[in-house]
Amino acid sequence: HPDGTEETVKKMLEPLAADFRGETTGEIKKAMKDEILRLLAPMFSLNYDDLKRRHRERKIRRMITVAASVSAASILFGSYCAYTAMKIKKQNVIIEEQSEVLRGQKEELQVQADTLQVQADELQAQATELQAQKEQLEEQAVQLSEQNEQLEEQAVQLTEQNDSLKRHQAASLAKESGELLHRDYRKEAIQVAYSALTEYDGAEMPVTPDAVRALTNAVGIYDGGRILKASVSVSAPGKIESLLVSPEGKYMLSYDSFQCLILWDALEMKEITRVEQVFENGFGFLGENAFYYNNDEDGLTRVDVAALEKTSYSSTRVTGNILFGQAAACEGTRLAVRSIDGIAILDGETLEGCTSIHPPCSLWTANS
């Protein structure tokens with residue numbers, strides 16, 4: 001005691017012993033939990049029952065702490081879950097609203113898609129129509145091209161016709177100038193001939209030989225008073241080498257360097273007909289209304305002037321010179337033909353043989 005006195009106290013001490021017996025391992029482990037306290041009580045000078053009670057209280061406190069922790073955790077987790085649920089609910093509301101908006105937008109897009117499809121169909125129809133119009137335009141372009149070519153051909157023809165008309169007009173003016181000069185209207189003849197070479201009624205005239213000759217004659221450039229003037233003139237493809245006049249002077253035959261024989265109206269100096277590739281000296285008149293010629297194509301042929309009908313010599317074609325004989329009245333009743341075999345006397349109208357003469361070739365001359 002504090003006052004220095006001593007007091008002896010006797011306490012019950014627990015034996016340092018433990019009973020771990022059990023029939024199973026689980027019972028042994030359970031017995032060990034209690035028996036460990038029994039061993040620890042004497043070591044710390046404690047009562048086993050007090051230690052066991054204290055151990056139970058500590059265990060209960062631990063269980064309460066764990067339960068409180070679990071409850072707090074559950075409350076926190078529940079709160080979190082509730083918060084999360086509310087948040088999810090709000091998000092679901094937002095998502096639903098967005099879904100409604102998206103559904104509306106989807107419907108609008110569907111309407112727009114339908115509208116675009118209708119527009120696409122209309123554009124396709126327009127494209128088809130435009131393609132058809134394009135094909136029609138191409139066909140029209142081809143037709144216009146053909147028409148243009150036809151118009152160009154017609155333009156060329158019109159140009160040629162215009163040139164031909166101008167040349168005919170120039171020839172007419174040249175003839176008129178000659179007639180005026182013949183009546184001693186020299187001034188008027190010069191004016192008409194000048195118009196035939198320059199301009200007439202606003203149209204530009206071509207330069208033609210007839211107009212030049214008419215102006216030359218009207219002006220009298222080459223007229224020195226001593227030059228013989230031809231009353232008429234004719235033209236042929238080549239240089240005229242021979243001229244024959246019919247017995248009565250109505251017709252004329254010209255033969256040029258190109259072997260072209262032309263029958264002319266001697267009064268009006270107009271060409272009636274022509275024959276190509278005629279032999280030299282192989283032509284002449286048979287009276288007033290017929291003439292004959294000889295060439296490789298037709299042979300010996302008689303031509304009626306009025307009808308231009310041809311009658312050919314039926315025998316073998318003659319290759320030599322041709323002479324003609326006629327009655328005193330120049331009616332052309334006979335035609336003499338020289339060949340290798342001799343001389344054949346032919347009828348002047350039918351060219352049929354009347355008689356034949358066979359003189360020696362050395363005695364035959366052009367005048368016989």
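Q: Quick one to start: is Glu271 buried, exposed or partly exposed?
A: Glu271 is partly exposed, with a relative accessible area of 37%. For the cut-offs, buried means under 20% relative accessible area, exposed means over 50%, and partly exposed is in between, using a 1.4 Å probe and protein chains only. This is a predicted model, where local features need pLDDT of at least 70, side-chain atom pairs count only at pLDDT 80 or more, and totals for chains, interfaces and linings use all residues. Residues are numbered from 1 along each chain as its sequence is written, and side-chain values use heavy atoms, with hydrogens and water left out.

Q: Which residue does Glu271 form a salt bridge with?
A: Arg274, with the closest N and O atoms 2.7 Å apart. A salt bridge here is a side-chain nitrogen of Lys or Arg within 4 Å of a carboxyl oxygen of Asp or Glu. Arg274 is partly exposed too, at 35% relative accessible area.

Q: How many salt bridges does the structure hold?
A: Eight. One of them joins Arg213 and Asp210 at 2.6 Å, N to O. Those two both lie in helix α4, three residues apart, about one turn of the helix. Another is Glu248 with Lys250, where the closest N and O atoms are 3.8 Å apart. Glu248 is exposed at 56%, while Lys250 is partly exposed at 40%.

Q: What does the side chain of Asp256 reach, then?
A: The backbone nitrogen of Gly238, at 3.2 Å. The backbone nitrogen of Phe258 also lies 2.9 Å from a polar atom of the Asp256 side chain. A polar contact is a pair of N or O atoms within 3.5 Å; within protein, one must be able to donate a hydrogen and the other to accept it, and residues adjacent in sequence count only if both atoms are side-chain atoms.

Q: Where does Asp256 lie?
A: In strand β4, residues 251-256. Helices (H or I, at least four residues) and strands (E, at least two) are DSSP runs, numbered from the N terminus.

Q: How many aromatic pairs are there?
A: One aromatic pair. Tyr255 and Phe283 are stacked, 5.1 Å centre to centre with 25° between the planes. Tyr255 is in strand β4 and Phe283 in strand β7, 28 residues apart, so the pair links distant parts of the chain. Rings of Phe, Tyr and Trp (its six-membered ring) pair if their centres lie within 6.5 Å; planes under 30 degrees apart count as stacked, over 60 as edge-to-face and the rest as tilted. Both Tyr255 and Phe283 are buried.

Q: Switching to β8: why is it largely enclosed by the rest of the structure?
A: Because six of the six residues of β8 (residues 290-295) are buried. Ala290, Tyr292 and Asn294 cover one side, with Phe291, Tyr293 and Asn295 on the other.

Q: Which sense do β8 and β9 pair in?
A: Antiparallel, over six bridges, with β9 spanning residues 299-304. Two strands pair if DSSP finds at least two bridges between them. Strand β7 (residues 278-285) also runs antiparallel to β8, joined by four bridges. Phe283 stands opposite Tyr293 in β8.

Q: How many residues sit between β7 and β8 in the hairpin?
A: Four, and Gly287 in the turn has a positive phi of about 80°.
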